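Visitor: Could you walk me through this structure? I have not looked at it before.

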Amino acid sequence: MAVGTTKPALIEQGHWLTVRDCKRVLVVVHTVTFAQRLREVFELLETDLRIQLVFTIAPHAFGNGVTEFLRSLGITTLPWEDALRAEFDLALAAGSRGVHELRAPVVRISHGAGQIKLLTDVTSLAPGERRSPGMLSRQHLLYEGRLVPAAIVYAHERDLEELARSCPEALPVAHVVGDPCVDRITAGRSRRESYRRALGIEDGQRLVVVTSTWGPASTFGRLDSLLPQLLSQLPRDDYRIAMLVHPNVFAGHGTRQVHGWLSCCRGRGIAVVPPEADWQALLIAADWIIGDHGSLTAYGTLTDATMLLTAGSRREVSACSPAALLSAVAPVLSPGYPLAEQLDYAAQMHGPEQYDHVAASLSSAPGLFHRRIRSVVYRMLGLGEPARPPIVAPPPSPPSLTRWEISAGSGATR
């Protein structure tokens, strides 16, 4: 008998599938960062026999590495062109590019620590119109005047106040569900010593975690001033150093190039954490976090680490974001003074409640993200939720830092 199709079974459906009559949910992945946030949602659905997950990779400037990341999770993807032609019961997306073409109600998922970065493309703004963060802007939520998402989820009630000013049409479909990273870091704080042992931090050693977002104002964009201090002023016997660089830096420049720029770290005990790795345990384990206006620095306020900021422009940062609140109270590194002395001084000045208001600005529904987002998704699918609470697991135990040190010759980590 001749086979009459070469299309994927998930497109043909019918007798090609073994488990039939499922609600079909399309997971739209643009970047590794978006994939990591979407994972918090699709893992809530994948055990339900009433639901079939389908994954596709949407075109994006920072899309490098997405295929490999999804493959590492055992996920095969549907070509973007096929996904656009097929119909789904729901689509999950953390980005806006191309989602207006989908044949499905779209749930937009916030990513990152609050709404930090202001809209960069101002060409479509009317004279005098204020810049909003991307996920709160008309440019990211409307297409040709039509509201694209059927539901939008935010971390904090504060976001709805801004949305009422920037895009009031979206208010009826907006939901405050909290932040999964807040919940997981909070769940893992009691495991700090366990994480430090797994990372290979010995008694008497202290861990410095350097975080960087992407863009010219980031820590990585100004690494020429910080890196010499890290290499020459912190004795390896006393300090361990780990760098958490935004996946967009790797996607934009290429992993080999990033490691090439950091080749001076080779053999110096500085770990460069891969973009696909889980980073939350490192923040919990840190003694100090040195960072910029990116999300990971803001998430660091949930831990016991002492915070220090790298000098950089804050003009691209929303004034009411966690990053802006942190920049008003955290000490700033000065390249002209010994780094170890600055770390010690910051630790001495660090109060137990110094960053509580920043941490509180990350989520107005702490501990509730997985429960609330599951309710939103199942309600939109017209299905009753599973009769069990979602599990909020702490971050997994990390590998030793030595695995992430740049090895000689290949530009890769060990």
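This is a predicted model: local features need pLDDT of at least 70, side-chain atom pairs count only at pLDDT 80 or more; totals for chains, interfaces and linings use all residues.

Visitor: How many strands form the open sheet, and in what order?

Guide: Six strands form the open sheet, and their order is β2-β1-β3-β4-β7-β8, with parallel pairing. At the edges are β2 and β8 (174–176), each of which pairs on one side only. Direction ignored, neighbouring strands of this sheet are turned by 20 degrees against each other on average.

Visitor: What joins strand β4 to strand β7?

Guide: Strand β4 (residues 106–109) and strand β7 (residues 151–154) run parallel and are joined by three bridges. Val107 stands opposite Ala151 in β7.

Visitor: And which strands does helix α2 touch?

Guide: Helix α2 (residues 32–42) packs on the sheet and touches β1 (23–29), β2, β3 (90–93) and β4, while its direction makes about 160 degrees with that of β1. There is also helix α17 (residues 369–381), which lies across β1, β2, β3, β4, β7 and β8 and runs at about 150 degrees to β3.

Visitor: Let's pick one residue. Where is Ile51 found?

Guide: Ile51 is found in strand β2, which covers residues 51–57.

Visitor: Is Ile51 buried or exposed, and why?

Guide: Ile51 counts as buried because its relative accessibility is 7%, and the cut-off for buried is under 20%.

Visitor: Which residues is Ile51 in contact with, leaving aside its neighbours within four places in sequence?

Guide: With those neighbours left aside, Ile51 is in contact with Cys22, Lys23, Val25, Leu45, Tyr378, Leu381 and Leu383. Leu381 is 330 residues from Ile51 along the chain, yet their C-alpha atoms are separated by 9.3 Å.

Visitor: New topic: how many aromatic pairs does a search of the whole structure find?

Guide: The search finds five aromatic pairs. One of them is Phe62 with Trp214, whose ring centres are 5.0 Å apart and whose planes are at 65 degrees, so this pair is edge-to-face. The pair links distant parts of the chain, 152 residues apart, with Phe62 in the loop between β2 and α3 (66–72) and Trp214 in the loop between β9 (206–212) and α9 (223–232). Phe62 is buried, at a relative accessible area of 18%, whereas Trp214 is partly exposed, at 34%.

Visitor: Can you describe another pair?

Guide: Tyr239 and Trp288 form a tilted pair, at 6.1 Å centre to centre and with 40 degrees between the planes. Tyr239 lies in strand β10 (residues 239–245) and Trp288 in strand β12 (residues 288–291), 49 residues apart. Both Tyr239 and Trp288 are buried.

Methods:
Residues are numbered from 1 along each chain as its sequence is written. Side-chain values use heavy atoms; hydrogens and water are left out. Helices (H or I, at least four residues) and strands (E, at least two) are DSSP runs, numbered from the N terminus. Buried means under 20% relative accessible area, exposed over 50%, partly exposed in between (1.4 Å probe, protein chains only). Contact means heavy atoms within 4.5 Å. Rings of Phe, Tyr and Trp (its six-membered ring) pair if their centres lie within 6.5 Å; planes under 30 degrees apart count as stacked, over 60 as edge-to-face and the rest as tilted. Two strands pair if DSSP finds at least two bridges between them. Axes are lines fitted to C-alpha atoms, for helices over the stretch in contact, and angles run from 0 to 180 degrees between N-to-C directions.
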